[in-house]
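Have the picture open while you read.

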Amino acid sequence: MTKKELVLKALNNEEVERIPVGFWFHFLPEDDLYKGLADPQIADRNVAGHKRFIDQFHPDFVKVMSDGFFGYPTSGGESTQNIADLGQLQPIDPSHRWIQQQVDLVKKVTALQADTFYIYNIFSPFTTLKSLLGVEKLVKTLKTEPQLVGDTLIRVARGLAALSERVIKEAKADGIYLSVQNPDIAQISDDEYRRYVTPSDKIVLDAANKAGGNNVLHICGFKGVKNHLNAWKDYKAAAYNWAVNEDGISLSEGKKLFGGSAVIGGFANSPGSLIEVGTKSEIEDFTEKLIKASGKKGIIIGADCTIPQGIPFDRLEWVRQKAEQVSR
């Protein structure tokens, strides 16, 4: 059985010969995450990072990182921090080089290891707008001019939908990994999120679904940022990944919440957490307990989110070997 077949069986809640394992991390320093358009070598370094990871770890699935392309360009190619410009922010054309360069990036990565499941990281329209305005401005504007934000998100979503379609149809990604988040549930109610943000999320996810993707919904929580998972329970995805250790919702509980669909995660991803500093026996024990508590169908072992760079691949292999042992 190929790695791709293994992952697809897990996504379909079928019996697997072993439980798949997948972790992901950034391949570039933070300063380069937004500079892919300006410096083509950044994309090359991103591909090289994926190649090292794949050659040394041979992962069960690969979350292709969008390092270098975090920033969403305006029609003029520059980012904005001016709230007054939101009304002028238009969808990116499907042929825009910001999209084309990402399609090229994904093509190169998906060619690295055959018969592997690949998903491409795409930030939700709301997260994308947060990177343009900053979280404080975005939250404030949503409270004072919600329709302006909602309309802008729809236009951003159309560009991200085009990106999603192209990486699946042209670059041979098996789906996207759509990262959503309510950055401040103390101020943005679930009702406001559903009214003004959800429509744009679903434009992107629906486009990826229609393109034939087996897509993963990532509900991003970290460093005390929590989410109300109920806000996303009607989003249609092949699997769901959230911050188990931040939100306090176990894999088995989340699986029920999301209608029995496949789930990904289990390990904390913060610096100094078990996957980074635990002993082999501690990591193996946690893996076994995680599987016994979650079951063996529709489960992929991973982390809440991106793990720290520099973690030795041996640590990830301990998880995979123990998962295989427990799966028998």
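Q: How many aromatic pairs does the structure hold?
A: There are 18 aromatic pairs. Rings of Phe, Tyr and Trp (its six-membered ring) pair if their centres lie within 6.5 Å. Keep in mind that this is a predicted model, where local features need pLDDT of at least 70, side-chain atom pairs count only at pLDDT 80 or more, and totals for chains, interfaces and linings use all residues. Residues are numbered from 1 along each chain as its sequence is written, and side-chain values use heavy atoms, with hydrogens and water left out.

Q: Why is the pair of Trp24 and Phe61 called tilted?
A: Planes under 30 degrees apart count as stacked, over 60 as edge-to-face and the rest as tilted. The planes of Trp24 and Phe61 are at 50°, with the ring centres 6.0 Å apart, so the pair is tilted.

Q: Why does Phe57 count as buried?
A: Buried means under 20% relative accessible area, exposed over 50%, partly exposed in between (1.4 Å probe, protein chains only). Phe57 has 3% relative accessibility, so Phe57 counts as buried.

Q: How do you know that Arg320 lies over the face of Phe57?
A: A charge sits over a ring if NZ of Lys or CZ of Arg is within 6 Å of the ring centre and within 35 degrees of the ring normal. Arg320 lies over the face of Phe57, at 4.1 Å from the ring centre.
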